[in-house]
Amino acid sequence: MFAFANPKRFMDASSAFLPWLVVATVLTLGAGVVLGFLAPPDYQQGDTVKLMFLHVPAAWSAMMVYGLLALTSLFSLVWRHPLSDVAAKAAAPLGAMFTVLGLITGALWGRPMWGAYWVWDARLTSFLLLLFIYLGYIALWSAVEDEVRAARAAAILALLGAVNLPVIEFSVDWWNTLHQGESIARAGGPRISAVFLWPLALSALGYTLLFFTLWTVRIRTEILERRARSILLGGAA
Amino acid sequence: MSQFFAMGGYGAFIWPAYGVSALLLGATVAVTVRAYRKARAQLAVLEKP
């Protein structure tokens, strides 16, 4: 973990593993999308079951990314390491994108299945809140000019916002929601048929690997930009 | 063929979901790669002796 937490070493290591990450992303995402598209219609939901392979991976990624954002923010607050700031900052727009995708695909699934694009139920509302937390986090970074202070303020916001994660996760148990409950990671095994489970697992893995690929590239971008900025500042002094 | 596009009557929800997903993910990849290339090019200019 700490061997990685050095910009120079990160650049070297990531240039070595990035090509493999891209290949793994393309393979899993491709397989997940194709298998999901070819999955047979569900006996209750018909062809809308295809939406599961778009909605669940996006929503899962949105939450996983926030978890990583909170974790890297914690590292940045406790150890003050600049790379963890960079990592947290680089993750946020990707997380916001997955959240938007989860909301849109969810709405397009909700309309035919529930009769409404949107309902103010606990799962949907807490997930919408996740989007606002992401946007607030991004806004805070751009609002504070000093990089070190911006990083600290953003990290604190990220940790406060982390309270929402268990709320999203358990909202379907704590409240009476229209959104269905957990059907994958539950005691007694997944409650969906294998013909749907495999495409779903591959899609979720594909989205996850896509995130890690983009995250790596965004961290590299930020490191290069900071290096350029310090050269410019050094030249001006 | 039209049966394929109809998706059992749910085509109006399924196709847009695929479209939005492809669009958002594709745009994110494009923006990310472009920003990386730009940063690399800018640094190359600055580091030139």
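This is a walk through a predicted two-chain model, stop by stop, with what to select and what you'll find there.

Before you click, some bookkeeping: residues count from 1 along each chain as its sequence is written, chains are lettered from A and ligands numbered from 1 in the order in which they are written. Because the model is predicted, local features need pLDDT of at least 70 and side-chain atom pairs count only at pLDDT 80 or more, while totals for chains, interfaces and linings use all residues.

**Stop 1: chain B**

Select chain B on its own. Of its 49 residues, 12% are buried. Here, buried takes 20 or more other C-beta atoms within 10 Å of a residue's own, exposed takes 12 or fewer, and partly exposed is in between, with C-beta atoms placed from the backbone.

Now pick B:Met7, in the loop between helix H1 (2-6) and H2 of chain B. Its phi is near 50 degrees, a positive value in a residue other than glycine. B:Met7 is partly exposed, because 17 other C-beta atoms lie within 10 Å.

**Stop 2: where the chains meet**

Bring chain A back. In contact across the interface are 22 residues of chain B and 28 residues of chain A; contact means C-beta atoms, placed from the backbone, within 7 Å. The chain B side of it has 16 nonpolar, five polar and one charged residues. For these classes, Ala, Val, Leu, Ile, Met, Phe, Trp, Tyr, Cys and Pro are nonpolar, Asp, Glu, Lys and Arg are charged, and the others, Gly among them, are polar.

Axes are lines fitted to C-alpha atoms, for helices over the stretch in contact, and angles run from 0 to 180 degrees between N-to-C directions.

Show side chains here. Among the contact residues on H3(A) are A:Leu94, A:Met97, A:Leu101 and A:Trp109, and on H2(B) you'll find B:Phe13, B:Val20 and B:Leu24, among others. The contact of H3(A) with H2(B) divides into 13 nonpolar, three polar and one charged residues.

**Stop 3**

Back up to H2(A), whose 28 residues reach 40 Å from first C-alpha to last, close to the 40 Å expected at 1.5 Å a residue. The expected span is 1.5 Å times one less than the number of residues. Just after H2(A), A:Arg80 takes a positive phi of about 55 degrees. A:Arg80 has 13 C-beta neighbours inside 10 Å, so it counts as partly exposed.

Next, click A:His81, in the loop between H2 and H3 of chain A. A:His81 is 75 residues from A:Asn6 in sequence, yet their C-alpha atoms are 8.5 Å apart.

**Stop 3: H4 and H6 of chain A**

Select H4(A), residues 122-143, and H6(A), residues 164-174. Their axes come within 8 Å and cross at roughly 170 degrees, so the pair is roughly antiparallel. The contact includes A:Phe127, A:Leu130 and A:Ile133 of H4(A), and A:Val167, A:Ile168 and A:Trp174 of H6(A). By class, that contact has nine nonpolar, three polar and one charged residues.

Staying on H4(A), color its buried residues, among them A:Leu124, A:Tyr134 and A:Tyr137. What covers the buried residues of H4(A) includes H2, H3, H5 and H6 of chain A. Then try A:Leu131, which touches A:Ala96, A:Thr99, A:Val100 and A:Leu103, not counting residues up to four places away in sequence. The C-alpha atoms of A:Leu131 and A:Ala96 are separated by 5.8 Å, though 35 residues apart along the chain.

**Stop 4: H5 of chain A**

Last, select residues 147-161 of chain A, which form H5. Which of its residues are buried? A:Ala151, A:Ala154, A:Ala155, A:Ala158 and A:Gly161 are. They cover an arc of only 125 degrees around the axis, so they sit on the same side of H5(A); the arc is that of the directions from the helix axis to the C-beta atoms. Covering them are helices including H2, H3, H4 and H6 of chain A.

Note on methods: Contact = placed C-beta atoms within 7 Å. Helix = DSSP H or I, 4+ residues; strand = E, 2+ residues; numbered from the N terminus. Parallel < 35°, antiparallel > 145°, perpendicular 65-115°, else oblique.
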